[in-house]
Amino acid sequence: MHVIATAGHVDHGKSTLVRALTGMEPDRWAEERRRGMTIDLGFAWTALPTGPTVAFVDVPGHERFVPNMLAGVGPVPAVMFVVAADEGWMPQSREHLEALHALQVRHGLLVVTRSDLMDPELAREEALEHLAGSSLDQIGAVCVSGRTGAGLDQLRAALGSLVTELPAPDVEADVRLWIDRAFTIRGAGTVVTGTLAAGTIHVGDELELAPGGRRVGVRGLQSLGVPVESAPAVARVAVNLRGLPLNAVRRGHALLTPGAWLTTRTIDVRLSAVARHGDISGQTDPAVPRYVSMSGRAAGELPEYVVLHVGAAAVPARVRALGGDTVRLGLAQPLPLRIGDRALLRDPGTRSIPAGLTVLDVAPPVLRRRGAAAARAAVLSTMDGVADGTAELRRRGFVRRDELIAMGAPVPAEAAQVGGWLVDPGLLAQRADRLVAAVAEHAAANPLEPGMPLETARRLTGMPDARLVELLLGSRLTLVEGRVHLGEPATGIPDAVRTAVAEVRAELARQPFAAPEAHRLAELGLGAKQLAAAVRAGELLKIADGIYLAPGADGEAAERLRSLPSPFTLSQARQALDTTRRVAVPVMEHLARHSITRRLPDGTHELRS
Ligand SMILES: Nc1nc2c(ncn2[C@@H]2O[C@H](COP(=O)(O)OP(=O)(O)OP(=O)(O)O)[C@@H](O)[C@H]2O)c(=O)[nH]1
Ligand SMILES: [Mg+2]
């Protein structure tokens, strides 16, 4: 299936043409038929003589309904541009062309209608002149009458060749269905419709509603009025959703492949070619290009408040000029956008389209410092709206893998990966050097401390996640028990400490359970840090705070207790260990903690077998 939107000034015969081609009524509302005017989008379809089916999205031409028109053409790849022979180029001819050009719609046909009322030649030439230089400047032209049917066969043939030129959609792509209608059907619940530009929707799929992220199930699917099991792009689809009340969804919302999209409120964009205004009469100097690039034109000329139109969505946006042709847009509502998305800005006050745009960054950095905007503009000037995973990662340093994909960028092969993060190899090398220096400094300043705590290392290197510090270790650093060491963790202790500990050990060799008293430890210069280092180095055994014995003292204690009758009292144990209560109590607690002894309800102890 192919989807083609109409475009053109009010009353130029768009709906009449769609009706003549399809035999279906695109004006769905009674009010539309009463007023003889399209107000909202209409849908109709037909099989072309060459075989393929074409669905038309028929848009209103009246200037009041331009937002509806934009919702219709937003996701559609081709257009049937209608101009009435008897009226020629008119204001909404221009405005619709500006919109299509801003969105870079490149495929279509010029259809001069109402040819029975006037020779279409003049209107055709005038229209082609206006199309020149726009994204539609290569399209063919057909003259018809919706009333007499003249020229319709040529139009069908021209549509037949147009659809063969349309780029093949990626039916494997992530789904982003911009919703253009939502309604309820008795017995079925909520149904939404839209033009699926890429990807495939299946009955039973779980999709994500944006904004909000609510999960919804696809209960049923229709395409062109017929139930289907799956609908591959490009297609007009009606999706019956499970578990979604009608008031939770409206035009401009989107159904997404879950987890595959980033919804964003801040985007950096490049303003692109817009029409030069003031030439609707057609009396223009052919030497002056009618379509000018925005570059060179100050982005600051934009109004501060505009409406961003993308897909079927229209969201108020605040413009912040960055420099050159780049601006930052703050969106009133988050949108699922990717790098390279085309959109346009409309000023609802003047009802004009001041610019088209290409999305450059959907997760841009916060601009805080003075001059940050200009610096950002310089960075953006190197970007072209084609997502480049390597460049994106280099700019960011690190990024979550899912997030990079959701931005629309491929994962660079050379990226280091850990815990769902990607890190730029260049950044790693630089941060690894920084960490080696910091760990060396830390070791020099804290000789008794075993390495640098992992969290300190994370903070010093500016990594968002401690797991990323592992990527910085390389061959120079090691991570042991949550601490980063230069080389292998140091096991030794400084000489002064070693001498003092040796003295303690000599005393303990004579009386293994005569743990040195606090004043003795202080006399030897053994403070908490020195003692901790000695314990880590395996030179002392810590029984409890302030109670240090030689390593292996606990085994020796168990040996001595074995000679006692079982069960035994604390006092018997104290005598067997030849020590004081100060030491005997914590030793018994230590042994119980290590399941060497057990304390009985009457307060006595026994050895476990
Ligand atoms: N004589 C003649 N009248 C036509 C032709 N096509 C459309 N009309 C008439 O022009 C009027 C407007 O036609 P529509 O098809 O509603 O125009 P439209 O472009 O859909 O208008 P909007 O949707 O409101 O923008 C109607 O009265 C049609 O009958 C044609 O080829 N010949
Ligand atoms: Mg109409």
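This report walks through a ligand site, a metal site, a strand and a helix residue in the structure above. The model is a predicted one, so please read every value below as computed from its atoms.

**Around ligand 1**

Let's begin with the ligand shell. Ligand 1 is surrounded by 19 residues, and the closest of them are T16, T38, G61, D116 and G146. By type, this shell holds 10 polar, 5 charged and 4 nonpolar residues.

| Residue | Part of the residue in contact | Distance to an oxygen atom of ligand 1 |
|---|---|---|
| G13 | polar backbone atom | 2.9 Å |
| K14 | N or O atom in the side chain | 2.8 Å |
| T16 | N or O atom in the side chain | 2.5 Å |

Ligand 1 would expose 640 Å² if taken alone, and the protein buries 86% of that area.

**The magnesium ion**

Which residues coordinate the magnesium ion, ligand 2? The answer is S15, through its OG atom, and T38, through OG1, at 2.0 Å. These two residues bring together distant parts of the chain, as they are 23 residues apart. S15 sits in helix 1 (residues 14-22), while T38 belongs to the loop between helix 2 (30-35) and strand 2 (42-47).

Are S15 and T38 buried or exposed? S15 counts as buried because its relative accessibility is 9%, under the 20% cut-off. T38 has a relative accessible area of 9%, so T38 is buried as well.

**Strand 16 and its partners**

Strand 16 runs antiparallel to strand 21 (residues 326-336), and 7 bridges join the two. Within that pairing, D268 has R328 of strand 21 as its bridge partner.

Strand 16 is also joined to strand 23 (residues 352-361), again in an antiparallel arrangement, by 5 bridges. Here V269 stands opposite V359 of strand 23.

**E503 in helix 12**

The last stop is E503, a residue of helix 12 (residues 495-510). With a relative accessibility of 38%, E503 counts as partly exposed, because that value falls between the 20% and 50% cut-offs. E503 and L524 are 21 residues apart along the chain, and their C-alpha atoms are separated by 8.4 Å.

Key. Residues numbered from 1 in each chain as written. Chains lettered and ligands numbered in written order. Predicted model: local features only at pLDDT ≥ 70, side-chain atom pairs only at ≥ 80, totals over all residues. Heavy atoms only, no water. Near = heavy atom within 4 Å. Polar contact = N/O pair within 3.5 Å; in protein donor to acceptor, adjacent residues only side chain to side chain. Areas by Shrake-Rupley, 256 points an atom, 1.4 Å probe, with all protein chains shown as cover. Nonpolar A, V, L, I, M, F, W, Y, C, P; charged D, E, K, R; others polar. Donors = N, O, S within 2.8 Å, 3.2 Å for Na, K, Ca; no water. Helix = DSSP H or I, 4+ residues; strand = E, 2+ residues; numbered from the N terminus. Buried < 20%, exposed > 50% of the residue type's maximum accessible area, 1.4 Å probe, protein only. Pairing = 2+ DSSP bridges.
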